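Subject: Structure for you to look at

Hello,

Here is the structure I promised to pass on. Please open it first and keep it beside you while you read the notes below.

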Amino acid sequence: MNQPSTNPSDTKEERGPGLVPPPPQAAASSSGVRRDATVIVVVVLVIAGMLIAGKHLTRPQTPGATISGSNNNVKGRPAPDFQLVDLEGRNVRLADLRGKAVLLNFWATWCPPCKIEMPWFVDLQKQYGPQGLQVVGVAMDEGNAHDAVAKFAKEMGLNYTVLLGNDKVADQYGGVDALPTTFYIGRDGKIVTRVFGLVSHKEIEDNVRAALNQGPAVAQNTAPAAGAAR
């Protein structure tokens, strides 16, 4: 009869494979590998995020693409170009008015202060139009508002360009969170000033004169303003 072995290695072999717990050192090594792999993945993700952000921040900006911020930050910046449809269905681009002073007024048919200043715009268009002023009203009524805007413009006797606005153009001009909002743009296409809300006729006229005095004058077109209500 064989005697029981006193060798520890012989005892492990008798328990069979898989029943022997890994040595403490081997378990710690496995945990460390998993931790290192996690750190590497996190570092790779952070670097990728930094590269994407850096590419976005260094992307060349289109001059005048959007404007926002305080009035001081807006003054002197190129007015963002846009293309909108007037009440006759024609496409009108702001860039086509380069050489003229532009009073760009964002309004809506439901806006009482907008209605107060519109007769002033009519008079200013008559008085300063021959000198190169072009009043442009951008209606911000939502939905398919063509008929309502056209009816409103006719009732108000608007003699200047009326366009149907959209959110894209509003975003280009800083969101246009308040109506009326008016931009005065010089003949050189740069913003002279921006005004929120209703102000006096004198202040509006002073801003029109400042816009007329900014940038070189060009030969004026005596044809009727595109999009003017009839």
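The side chains of threonine 182 and asparagine 105 are joined by a polar contact of 2.9 Å. A polar contact here is a pair of N or O atoms within 3.5 Å; within protein, one must be able to donate a hydrogen and the other to accept it, and residues adjacent in sequence count only if both atoms are side-chain atoms. Threonine 182 sits in strand β6 and is buried, with a relative accessible area of 2%. Buried means under 20% relative accessible area, exposed means over 50%, and partly exposed is in between (1.4 Å probe, protein chains only).

Before going further, note that this is a predicted model: local features need pLDDT of at least 70, side-chain atom pairs count only at pLDDT 80 or more, and totals for chains, interfaces and linings use all residues. Residues are numbered from 1 along each chain as its sequence is written, and side-chain values use heavy atoms, with hydrogens and water left out.

The overall layout

The chain has seven helices and seven strands. Along the sequence they follow the pattern α-α-α-β-β-β-α-β-α-β-α-β-β-α. Helices (H or I, at least four residues) and strands (E, at least two) are DSSP runs, numbered from the N terminus. Of the 230 residues in the chain, 36% are buried.

Strand β3 covers residues 101-107, and seven of its seven residues are buried. Ala101, Leu103, Asn105 and Trp107 point one way from β3, while Val102, Leu104 and Phe106 point the other way.

Which strands pair with β3? One is strand β4 (residues 133-139), which pairs with β3 in the parallel sense over seven bridges; alanine 101 stands opposite leucine 133 there. Another is strand β6 (residues 181-185), which runs antiparallel to β3 and is joined to it by five bridges. Valine 102 has isoleucine 185 of β6 as its bridge partner. Two strands count as paired if DSSP finds at least two bridges between them.

Together with helix α4 (residues 112-128), β3 and β4 make a right-handed β-α-β unit. Right-handed means that, with the strands pointing away from the viewer, the path from the first strand over the helix to the second runs clockwise.

Strand β6 also pairs with β7, again antiparallel and over five bridges, and threonine 181 has phenylalanine 196 as its bridge partner in β7. β6 and β7 form a hairpin with five residues between them, and glycine 189 in the turn has a positive phi of about 85 degrees. Five of the six residues of β7 (residues 191-196) are buried, so this strand is largely enclosed by the rest of the structure.

Aromatic pairs

Rings of Phe, Tyr and Trp (its six-membered ring) pair if their centres lie within 6.5 Å; planes under 30 degrees apart count as stacked, over 60 as edge-to-face and the rest as tilted. By this rule there are six aromatic pairs. In one of them, the rings of phenylalanine 82 and tyrosine 173 have their centres 6.1 Å apart and their planes at 75 degrees, so the pair is edge-to-face. Phenylalanine 82 lies in the loop between α3 (71-74) and β1 (83-86), and tyrosine 173 in the loop between α6 (167-172) and β6, so the pair ties together parts that are 91 residues apart in sequence. Both residues are buried.

Phenylalanine 121 and tyrosine 160 form another edge-to-face pair, at 6.3 Å centre to centre and 75 degrees between the planes. Phenylalanine 121 is in helix α4 and tyrosine 160 in the loop between α5 (146-156) and β5 (161-164), so this pair ties together parts that are 39 residues apart in sequence. Phe82, Phe106, Tyr173 and Phe183 form one aromatic cluster.

Two single residues

Is aspartate 86 buried or exposed? Aspartate 86, in strand β1, is buried, with a relative accessible area of 0%. Its side chain reaches the backbone nitrogen of glycine 89 at 3.0 Å and that of arginine 90 at 2.8 Å.

Arginine 93 is in strand β2 (residues 91-93) and is partly exposed, with a relative accessible area of 34%. The C-alpha atoms of arginine 93 and aspartate 81 are separated by 7.0 Å, and the two residues are 12 apart along the chain.

Regards
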